[in-house]
Amino acid sequence: MVAVLGGLRGGLGAHRDLAVLAAGSGVSSLGAQLTLIGFTTELAGAGAFAVAGLFVAVALGAVLGTPVAGWAVDRFHNRYLLAVTVCTQVLLLVGLLLGHADLPVVYGLVTLLGVSGGVVRTCASVLIPLATGEDDSVGGYAWLSSAQNTGSVAGIVLGGVIAAGPGIEVALLLDAVAAFVHLVLALRLRVDRDPGQDDGSVGGPSSQWSGLVLLRSDRLLMGRVVAQTVGGIAVAIALVNGVFLVLGPVGGNEFTYSAMLVCWTAGLLFGANLSRRFTTARALVAAFATGSLVMAPALAAPALVPHVLVNAAAWLVAGACSSVQNVTLNALVQLRTPDAVRGRVFAAVGAVTVGGGTVGVLAAGAVVGAAGPLRALAVAAVFAALAGLMAWLAFFRRDHLRGSVVSPDFEPSAHDRQRMS
């Protein structure tokens, strides 16, 4: 992970704050996967309900984090809020390390980690345009997505090794160390967003749940989030199914599986770089739709020809498409949301996608167990194609020309109106 941090700092050049945000998100994603895989493996012996309870706690934290993140990010200095929240995560992980043998404690602290994670993700998302400038924010989201996805994939690989060896204590300790590194990085931020003591009247509803209300007011954005959730199920099935596919029909071993994950990560980086080209709402929706439709045959290919080279190429393409999905969603939220309510809308989008991802992981386990590794890929391809068709429907209905998440008092500039369309 040190090499990843160094590469980010070198590649981002003058955008020092962007490098800090991306590196912190990558480290945090790595640690989160260590804990999730560690507890999933640890609780497997206690039965399916114990594992399901863990995912319920994760989803509950994401849902509860929506009003908390939306309220806090649009009221307090975001740089300080980020540092305080990450510091809280360090303390929660220490608590998990001390009380991981008590199941209610695990569920409770995992829920609180989910709440704090919503605040952290929202802070990073709203600070990106300030670190890069509004016009260059798509490139910033590309770097953020690359770091998050790289950290997640690295955490999955390392988490499996730790779960099979040292166990949950080491996973939690490394997650706490990763959170501490994230804290150090957050304290080095120079960029800040001061929303002041706005009561919410400028940007829309003042309720703590106003992010969801504002999200629903934009037909394009709401449809795009739903399509993202459907596409996320395809990605979840593919990743959960990967180890069974490689060790089964493909005929590989643990080294082959690691190589497949490297291909997926390389695809993530390529897709993030490709996404920087899309800067208007029309282009962002079209890119997501195209990426999802390309992902469908890429996921289906190993099911038809279960060969290691076919699998490697498919994972490279699917990883790139997954990255395009994530980057274009963040960019679309930033593009169609004024700064006054951006924190609340990002929090709402994060809750929906994280909750959908959790459901996707649970569904993936059921699909892989019932259909087997080859048919599971076919199911994943169907979800990817469905996500792409949903996005193309919004595109051809020209929803990108309709109202964005704005209040009656918000008057965008001519430049803003051009970018929103």
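Q: How many salt bridges does a search of the whole structure find?
A: This is a predicted model, and the search finds 4 salt bridges in the whole structure.

Q: Which residue forms a salt bridge with Asp 74?
A: The partner of Asp 74 is Arg 193, and their closest N and O atoms are 2.8 Å apart. Asp 74 is in the loop between α3 (48-73) and α4 (78-99), while Arg 193 is in the loop between α7 and α8 (210-217), so this pair ties together parts that lie 119 residues apart in sequence.

Q: Turning to packing, at what angle do α2 and α7 pack?
A: Helix α2, residues 16-44, packs against helix α7, residues 168-187, at about 165 degrees, and the axes are 8 Å apart. That makes α2 roughly antiparallel to α7.

Q: Is that crossing of α2 and α7 left-handed or right-handed?
A: The crossing of α2 and α7 is left-handed.

Q: What is the contact of α2 with α7 made of, by class?
A: The contact has 14 nonpolar residues, along with 7 polar and 2 charged ones.

Q: And how do α4 and α7 cross?
A: The axes of α4 and α7 cross at roughly 165 degrees and come within 9 Å. This makes α4 roughly antiparallel to α7. In handedness, α4 passes α7 in a left-handed crossing.

Q: New topic: how far apart are the end C-alpha atoms of α13?
A: They are only 27 Å apart, although α13 (residues 342-396) has 55 residues; a straight helix at 1.5 Å a residue would reach 81 Å.

Q: Where does α13 bend?
A: The bend in α13 is at Gly 372 and amounts to about 120 degrees. A proline, Pro 373, follows within four residues.

Q: Last one: how do α12 and α13 cross?
A: The axes of helix α12 (residues 308-335) and α13 come within 11 Å, crossing at roughly 160 degrees. The two helices, α12 and α13, are therefore roughly antiparallel to each other. Here α12 passes α13 in a right-handed crossing.

Definitions and conventions
Residues are numbered from 1 along each chain as its sequence is written. This is a predicted model: local features need pLDDT of at least 70, side-chain atom pairs count only at pLDDT 80 or more; totals for chains, interfaces and linings use all residues. Side-chain values use heavy atoms; hydrogens and water are left out. Axes are lines fitted to C-alpha atoms, for helices over the stretch in contact, and angles run from 0 to 180 degrees between N-to-C directions. Angles under 35 degrees count as roughly parallel, over 145 as roughly antiparallel, 65 to 115 as roughly perpendicular and the rest as oblique. A crossing is left-handed if the near helix is turned anticlockwise from the far one by less than a right angle, and right-handed if clockwise. Ala, Val, Leu, Ile, Met, Phe, Trp, Tyr, Cys and Pro count as nonpolar, Asp, Glu, Lys and Arg as charged, and the others, Gly among them, as polar. The expected span of a helix is 1.5 Å times one less than its number of residues. The bend at a residue is the angle between axes fitted to the seven residues ending there and the seven starting there. A salt bridge is a side-chain nitrogen of Lys or Arg within 4 Å of a carboxyl oxygen of Asp or Glu.
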